[in-house]
Amino acid sequence: MAMIDSTRRSFVTRIGGGAGAMALLTVVPHPASAETIDLPERESAILEAAFGSSVLTPGKISLDMPILAETGLSVPVTFKVDSPMTEADHVTRIMGFAPGNPEPVLADYQIGPRAGLAEVSTRIRLARTGFVYAAAKLSDGTLWGTKFSIIVTLGACVEDIFDLDWQRDAERRAMRAEARAAAAAE
Amino acid sequence: MATIRISIPETAAKDEIVEIRTLISHPMDNGYNVDARGQRIPRHILHTFIVTYNGVEVFHANLHPAQSTNPYMVFHTVAVETGTLEFTWLDDDGSVFSDTRTITVQ
């Protein structure tokens, strides 16, 4: 996953037109027209608390993940930051967000010059189709971000998808329990 | 108990960037799923993953419910000196899972 050389990957993506079995896409930084990455309110607050600011400049960080995930239970993702990772210029923290998840933080990594390479891969859960955001803080204090649109065929928290209203959800569960008790009594 | 698998080169050149892959078996119950009886499964995840290299922290991850079952991580470190890397996972229930690997710098 992370071992694939990015030039080869972009080559494969171009050749396959994204329709290949891998369906992997290298995300180039956001178009220059967008000056900041706008995060939803909840994610902005988390970023503000963690990074001291929620203003993300597009660029430097990239998200490598499939454009379509058949199951949200395990989606491979690579956070990659373009940084020399020296004592003077390195990445200090990388975070990932999925606003569609009940708890939006996907990843939170603290690294430093000892990492050598600002690249972390893992597997995450996604509840539904939507945007995934990534943010990186550099040693000079600047914040960089990117976003990626992903289609999730089957979400990770099934209950959450079928019923978004927790109150109604609880009532429905109580009704089900009653029905079960009645059936048991018979 | 948790099965830990760590992939790291045994030897490396001085200042070479080495790739480390780790996998630990853990259900990572996120607190949003229900069991067959309709009861919500309480949250039970590994909340922190720390890697130290001869005692110096080189990688620190705060894990969240969005982390998939059996957390898998790929990250890098610079092979600065011969020594021991310690991998530690902290569980919500207070358990600590850890393992070590040695790397020889030639």
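Helices (H or I, at least four residues) and strands (E, at least two residues) are DSSP runs, numbered from the N terminus. By that rule, chain B runs β-β-β-β-β-β-β-β from the N terminus on. This is a predicted model, in which local features need pLDDT of at least 70 and side-chain atom pairs count only at pLDDT 80 or more, while totals for chains, interfaces and linings use all residues. Residues are numbered from 1 along each chain as its sequence is written, chains are lettered from A and ligands numbered from 1 in the order in which they are written, and side-chain values use heavy atoms, with hydrogens and water left out.

**Chain make-up**

- Chain A has four helices and 10 strands, in the sequence order α-β-α-β-β-β-β-β-β-β-β-β-α-α.
- Chain B has zero helices and eight strands.
- Buried residues (under 20% relative accessible area, with exposed over 50% and partly exposed in between, for a 1.4 Å probe and protein chains only) make up 43% of the 186 residues in chain A.
- In chain B, 47% of the 106 residues count as buried.
- A contact means heavy atoms within 4.5 Å; of the contacts in chain A with a separation of 6 or more, 64% are between residues 24 or more positions apart.
- For chain B, 56% of the contacts between residues at least 6 apart in sequence join residues at least 24 apart.

**Strand β5 of chain A and its partners**

- Strand β5 (residues 75-81) of chain A has five of its seven residues buried, so it is largely enclosed by the rest of the structure.
- Two strands pair if DSSP finds at least two bridges between them; strand β3 (residues 61-66) of chain A pairs with β5(A) in the antiparallel sense over four bridges.
- In that pairing, Ile61(A) stands opposite Val81(A).
- β5(A) also pairs with strand β8 (residues 119-124) of chain A, antiparallel over six bridges, and here Lys80(A) stands opposite Glu119(A).

**Strand β10 of chain A and its partners**

- Strand β2 (residues 57-58) of chain A runs parallel to strand β10 (residues 143-154) of chain A, and two bridges join them; Thr57(A) stands opposite Trp144(A).
- Strand β4 (residues 68-71) of chain A is also parallel to β10(A), with three bridges, and Ala69(A) stands opposite Val152(A).
- Strand β9 (residues 130-138) of chain A is antiparallel to β10(A) over eight bridges, with Val132(A) opposite Phe148(A).
- β9(A) and β10(A) form a hairpin with four residues between them, and Gly141(A) in the turn has a positive phi of about 95°.

**Nonpolar cores**

- A nonpolar core is a set of buried Ala, Val, Leu, Ile, Met, Phe, Trp, Tyr and Cys residues joined through side-chain atoms within 4.5 Å.
- The largest nonpolar core has 56 residues, of which Met65(A), Leu126(A), Phe49(B) and Phe59(B) touch the most other members.
- A second, separate core has 11 residues, including Leu47(A), Phe51(A), Val105(A) and Ala135(A).
- Thr22(B) lies in strand β3 (residues 16-24) of chain B and counts as buried because its relative accessibility is 1%.
- Leaving aside neighbours within four places in sequence, Thr22(B) is in contact with residues including Phe49(B), Tyr72(B), Phe87(B) and Trp89(B).

**Loop residues**

- Most residues other than glycine have a negative phi.
- Met85(A), with a positive phi near 55°, is found in the loop between β5 and β6 (91-97) of chain A.
- At a relative accessible area of 5%, Met85(A) is buried.
- Asp15(B) has a positive phi near 65° and lies in the loop between β2 (11-12) and β3 of chain B.
- Asp15(B) is partly exposed, at 47% relative accessible area.
- Lys14(B) is placed in the loop between β2 and β3 of chain B.
- The C-alpha atoms of Lys14(B) and Glu81(B) are separated by 7.0 Å, although the residues are 67 apart along the chain.
- Not counting residues up to four places away in sequence, Lys14(B) touches Ala79(B), Val80(B), Val105(B) and Gln106(B).
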